[in-house]
Amino acid sequence: MKLDSKIPSGPLETKWERYRSEVKLVSPANKRKFKVIVVGTGLAGASASATLAQLGYQVKTFCIQDSPRRAHSIAAQGGINAAKNYQCDGDSVWRLFHDTIKGGDFRAREANVYRLAELSVNIIDQCVAQGVPFAREYGGLLANRSFGGVLVSRTFYAKGQTGQQLLLGAYSQMMRWVAQGQIQLFPKREMLDLVIVDGKARGIITRNLVTGEIESHSAHAVILATGGYGNLYCLSTNGRNSNVSAIWKAHKKGAFFGNPCFVQIHPTCIPVSGEYQSKLTLMSESLRNDGRVWVPKDPKDKRSPSEIPESERDYFLERIYPTYGNLVPRDVASRAIKRMCDEGKGVGPTGYAVYLDLRDAVKRDGRDVIEKKYGNLFEMYEKITGQSPYEMPMMIYPAVHYTMGGLWVDYNLMTTIPGLFALGEANFSDHGANRLGASALMQGLADGYFVIPYTLAGYLAGESLSDVTEEHPAFKEARLQAEEHIKKILSLKKGHKTVDQFHRELGRIMWDYCGMEREDERMKKAKELVHELREEFWENAIVPGDSNSINQSLEKAIRLVDYFEFAQLVIEDALHRRESCGCHFNIRYQTEEHEAKRDDINCAYVAAWEYSGPEKSETLHKEPLKFEYVKLAERS
Ligand SMILES: Cc1cc2nc3c(=O)[nH]c(=O)nc-3n(C[C@H](O)[C@H](O)[C@H](O)COP(=O)(O)OP(=O)(O)OC[C@H]3O[C@@H](n4cnc5c(N)ncnc54)[C@H](O)[C@@H]3O)c2cc1C
């Protein structure tokens, strides 16, 4: 199969406008006849559901949580980018586009990213109209702050709860249509498989997480907005319910997987504290606006941070990267922190932490101002660690946070399966090898509010789709397979290790062997270790309970089985990429200053993997990336 990204012709600045003028439309009367499935109610899914329902489509929306409002998006703290240039500090659509391409280490498509930057301004207007309470300046204008990797202030925020407020906006729009019957909402449902009829996505199989019932749902198109797969590493900043299963199942049915090894490690997380921790907590990147990252100059210095004078502190990000200082992109900051700790300069009981200090900002602006900006983050930190960041610098260490990889999609956000779309973090599209802070919310909402309404219409108007109901043999077969799979997992009754134990071990392997720094021999070893662990799982795991009621061990086991398979693809992708770029740092490819060394001649492509069958190596397809508008440059 030849990959076709379907990028419209013409100048970059007018591609999307032209696309919108030329795309086929569905008449209002016909829209009512089309059923669309949306899996996921985070920002991408909720915004898509609301907009498609508003347009007149019959929408069926699914999520794992008991309420759509509990999708992982609610955890987003720091903000959302938009090229409004309210600060008059030189921002523009072009600059946001350029920063995003450069921040992604030149591994994203120009056309997609330019569209994202263009749409960013509409998102803010839409959200304000919905009543999202963005922070404001004294005079009433929306306030902005800076995020890593940029030199302008373009991040709109609502304290440290931006995701929550944006999600409440999208959720309320969605619920309006639920109330009117235009959206049928299915909470507590987990998609187990995708159903394909005549080569097109025509529905899904779900499990009711309360009753255990396996259900079939047919539609004319399926949209996956199921978020990221950071929990492959077990410990991550993602919500515990974030998982890879929906997109992995779609992948096994023919959707190519783009850049799976691009996993972002965020520099400012609360360090791991013990064996039985189930997740890690992010301290928003926004804190790097006012916080300074440092370690004692003398690695043997064990004094309390407040006793260490200025002259004996190493503000290493400011020292190594004078232009961006504490606001260097995430991958750069994460690796610098790791290096400090590996050199024995880390602080705290484990030595795997550095200080993030807001002392100077409190002195400069006063406690009130800092509290207004970051109060809830400070509270969260104090609740978890027992220490107040007003009195002691926070301790931070990098952790898995976001996945740039995802289902490969073309400009229409359609996967390689006709009729199957992927939005938000579930697709690979816009962030290249490293996402800039505050750009995920922007992408999720751009995809859901502004892109999918056009591209879905283009697909539906151009296809003649036969009537397919849940009685079709393809549904019966997929359903049967799902039931058999669950039966097999539930037969694991005599083992001695819990699903959580296996997940922790898998995460440890991935973190140690295919995490922040990668090396060929270790990655090859990781493949063996994952294989052995998977074998052991089928011999020695215990999955208690049955499938007729709430059974979280079963839910976790279903996801873990997918992670075992998916882990191999992540490692394979990391192994094949003969360069370092963004988050993917293979120690073989680095500059003398330990920066990622790209190979633009041989590696400027998207790796799109095609499933070839159980236990078989996947087939690699390469989508070349052409840079006609930005000049490739080293990111340092
Ligand atoms: C702690 C934290 C803070 C962040 N802060 C920011 C920030 O300040 N700014 C920013 O831009 N980005 C931030 N991000 C990233 C951002 O939050 C996410 O990328 C974004 O919210 C993802 O949205 P989404 O709609 O794609 O998916 P999600 O919000 O993850 O939603 C996924 C949905 O899919 C459903 N789902 C998943 N699998 C299935 C299945 N098999 N069956 C049925 N339903 C399923 C879930 O129930 C859920 O409803 C942050 C991330 C983290 C972890």
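Tutor: Happy to. One cut-off is needed before we start: a residue is called buried when its relative accessible area is under 20%, exposed when it is over 50%, and partly exposed in between. Please also keep in mind that this is a predicted model.

Let's begin at strand β14, which covers residues 354-357. Val-354 and Leu-356 point to one side of the strand, while Tyr-355 and Asp-357 point the other way. All of these residues are buried, so each has a relative accessible area under 20%.

Now look at the strands that pair with β14. Strand β12, residues 292-296, is joined to β14 by three bridges, and the two run antiparallel. Within that pairing, Arg-292 has Asp-357 of β14 as its bridge partner.

Follow β15 onward and you reach another partner. This strand spans residues 394-403, and five bridges join it to β11 in an antiparallel arrangement. Strand β11 itself, residues 263-269, is mostly covered, with seven of its seven residues buried.

Four strands make an open sheet in the order β16-β10-β20-β21, with antiparallel pairing. Its edge strands are β16 (406-407) and β21 (619-624), each of which pairs on one side only. Strand β10, residues 257-258, pairs with β16 over two antiparallel bridges. In that pairing two glycines face each other, with Gly-258 opposite Gly-406 of β16.

Most residues other than glycine have a negative phi. Asn-85, however, has a positive phi of about 55 degrees without being a glycine. Asn-85 sits in the loop between β3 (80-81) and α4 (93-103), and is partly exposed at a relative accessible area of 26%. Lys-159 also has a positive phi, near 50 degrees, and is likewise not a glycine. You will find Lys-159 in the loop between β4 (155-156) and α6 (162-179); its relative accessibility of 39% makes this residue partly exposed.

Finally, step back to the whole protein. There are 18 helices and 21 strands. A compact globule of 636 residues would have a radius of gyration near 26 Å, and the 24 Å found here agrees with that. The C-alpha atoms fill a box of roughly 75 × 60 × 50 Å along the principal axes. Of the contacts with a separation of 6 or more, 73% are between residues 24 or more positions apart. The protein exposes about 24400 Å², of which carbon and sulfur atoms supply 50%. As for charge, there are 82 positive and 80 negative side chains, and the centres of the two sets lie 3 Å apart.

Conventions
Residues are numbered from 1 along each chain as its sequence is written. This is a predicted model: local features need pLDDT of at least 70, side-chain atom pairs count only at pLDDT 80 or more; totals for chains, interfaces and linings use all residues. Side-chain values use heavy atoms; hydrogens and water are left out. The radius of gyration is taken over C-alpha atoms; the globule rule is 2.2 Å times the number of residues to the power 0.38. Contact means heavy atoms within 4.5 Å. Accessible areas come from the Shrake-Rupley method with a 1.4 Å probe; for residues, only the protein chains shown count as cover. Lys and Arg count as positive and Asp and Glu as negative; His and the chain ends are not counted. The place of a charge is taken as NZ of Lys, CZ of Arg, CG of Asp or CD of Glu. Buried means under 20% relative accessible area, exposed over 50%, partly exposed in between (1.4 Å probe, protein chains only). Two strands pair if DSSP finds at least two bridges between them.
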